[in-house]
Amino acid sequence: MRDDLKYYQLGSWGYDVSSQRLDALDFACCRYALSTDNRPKHGVDIGCGLGTVSIALAILGTQMLSIDLMPLESHFETLHRIAPMAKLEFRRLDVRTLNDRDLDDKYDFFYSRRFLHYLDYAKADILVGLISNHLVQNGRVFISVSGLNSELGNGYGHGSRPIDT
């Protein structure tokens, strides 16, 4: 097994949600990326995992920046060899310390599927502010999060513990 992919099996950085089937959020983002304003879109996938949605959007003509903490450089290099026409860039970054220098000027949309809930509130708040500063006028944000009352919460041993504020 490639070293850069073993972490998902070990669960070191969570589950790769991007490898699950596409859902309503993904389809809404794809529809927006294909909207007919006669210009290609530029998007960011935060917590991209193996990049399934980023890949789909890049193949559809969107210029995608994919960000994840996992060392996936060789995975994305392989994707470039397979689909050289896809405008897909990977940056290995810790989103908890993401800042203006890590992002280009403006983006048409930000996408993140079940990632934001891994951040504490203060870091998530900072990230949302950063995202809003890097959106074009009328840009979009496609975010899903999960919680204890979802399939991810089933069997979670600490689910009944009180939340510290």
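Modeller: Helices (H or I, at least four residues) and strands (E, at least two) are themselves DSSP runs, numbered from the N terminus. This is a predicted model, where local features need pLDDT of at least 70, side-chain atom pairs count only at pLDDT 80 or more, and totals for chains, interfaces and linings use all residues. Residues are numbered from 1 along each chain as its sequence is written, and side-chain values use heavy atoms, with hydrogens and water left out.

Biologist: Which strand do 5 bridges join to β2, running parallel?

Modeller: Strand β3 (residues 88-92). There, Arg 92 in β3 is the bridge partner of Asp 68. Helix α4 (residues 73-82) sits between β2 and β3 in another unit, a right-handed β-α-β one.

Biologist: Why is β2 largely enclosed by the rest of the structure?

Modeller: Because 5 of its 6 residues (63-68) are buried. Buried means under 20% relative accessible area, exposed is over 50%, and partly exposed is in between (1.4 Å probe, protein chains only).

Biologist: New topic: which residues of helix α2 are buried?

Modeller: In α2 (residues 24-33), they are Leu 25, Asp 26, Cys 29, Cys 30, Tyr 32 and Ala 33. They cover an arc of only 160° around the axis, so they lie on the same side of α2. That arc is the one made by the directions from the helix axis to the C-beta atoms.

Biologist: What's exposed on the other side of α2?

Modeller: Ala 24 and Arg 31.

Biologist: What about Val 141, where is that found?

Modeller: In strand β5 (residues 135-144). Val 141 is partly exposed, with a relative accessible area of 42%.

Biologist: Last one, how many helices and strands are in the protein chain?

Modeller: The chain has 5 helices and 5 strands, in the order α-α-β-α-β-α-β-β-α-β along the sequence. Of its 165 residues, 42% are buried.

Key: Pairing = 2+ DSSP bridges. Right-handed = clockwise from strand over helix to strand, strands pointing away.
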